[in-house]
Amino acid sequence: MKYKAVIFDFDGVIHSYKSGWKGATVIPDEPVDGIENAIKQVREKYKVVVVSTRCYSEGGISAIKDYLKKHDIEVDDVTGEKPPAIVQIDDRAITFGGSCDTLLEKIRDFKPWYKWAK
């Protein structure tokens with residue numbers, strides 16, 4: 001039985017988010033290349049929880065679940081609340097390395113992967 005959770009953000013990690021925000025229930029883009037297989041491999045050892053701010057809007061959870069089903073991506077839960085987890089996979093995160101010296105600069109210069117890819 002899988003007890004430890006790995007959190008996957010939805011937009012920018014599972015949904016490629018190339019079109020940007022179109023509304024909580026509008027999810028127009030294909031999955032990120034290889035994410036289906038990556039999640040499948042992670043699920044062999046861990047519980048996979050998809051977290052999204054879409055879940056706070058009416059129809060958001062259903063839209064995500066429909067998207068996952070359409071693309072044959074199996075997860076353990078979809079929620080807006082981050083549960084205890086061993087790690088989070090997110091396109092909008094900065095890994096804290098223990099030093100605050102360059103933190104403001106990292107925040108100011110941050111771009112998610114799909115902005116660098118253009």
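**Figure 1. The largest cavity of the predicted model has a volume of about 40 Å³.** A cavity is a set of points on a 1 Å grid over the protein atoms alone where a 1.4 Å probe fits but cannot get out; the volume is the space filled by probe spheres set on the points. The count comes to one cavity of 30 Å³ or more. Its lining residues (an atom within 4 Å of a point) are Ile94, Thr95, Phe96, Gly97, Ser99, Thr102, Leu103 and Lys106. By class, three are nonpolar, four polar and one charged. Residues are numbered from 1 along each chain, and side-chain values use heavy atoms, without hydrogens and water. In this predicted model local features need pLDDT of at least 70 and side-chain atom pairs pLDDT 80 or more, while totals for chains, interfaces and linings use all residues.

**Figure 2. The largest pocket has a volume of about 210 Å³.** A pocket is an open set of points with protein on both sides within 12 Å along at least five of seven lines. Its lining holds 14 residues, and Asp9, Asp11, Val51, Ser52 and Thr53 lie nearest the centre. Five of the lining residues are nonpolar, three polar and six charged.

**Figure 3. Ile86, Val87 and Ile89 form a nonpolar patch on the surface.** Together the three residues have about 230 Å² of accessible area, from the Shrake-Rupley method with a 1.4 Å probe. Ile86 lies in the loop between strand E3 (77-79) and strand E4 (87-89); strands are DSSP runs of at least two residues. Ile86 counts as partly exposed because its relative accessibility is 47%, between the limits of 20% for buried and 50% for exposed.

Definitions and conventions
Nonpolar A, V, L, I, M, F, W, Y, C, P; charged D, E, K, R; others polar. Patch = residues over 30% accessible without salt bridge, like charges linked within 9 Å, V, L, I, M, F, W, Y side chains within 5 Å. Salt bridge = Lys/Arg side-chain N within 4 Å of Asp/Glu carboxyl O. Helix = DSSP H or I, 4+ residues; strand = E, 2+ residues; numbered from the N terminus. Buried < 20%, exposed > 50% of the residue type's maximum accessible area, 1.4 Å probe, protein only.
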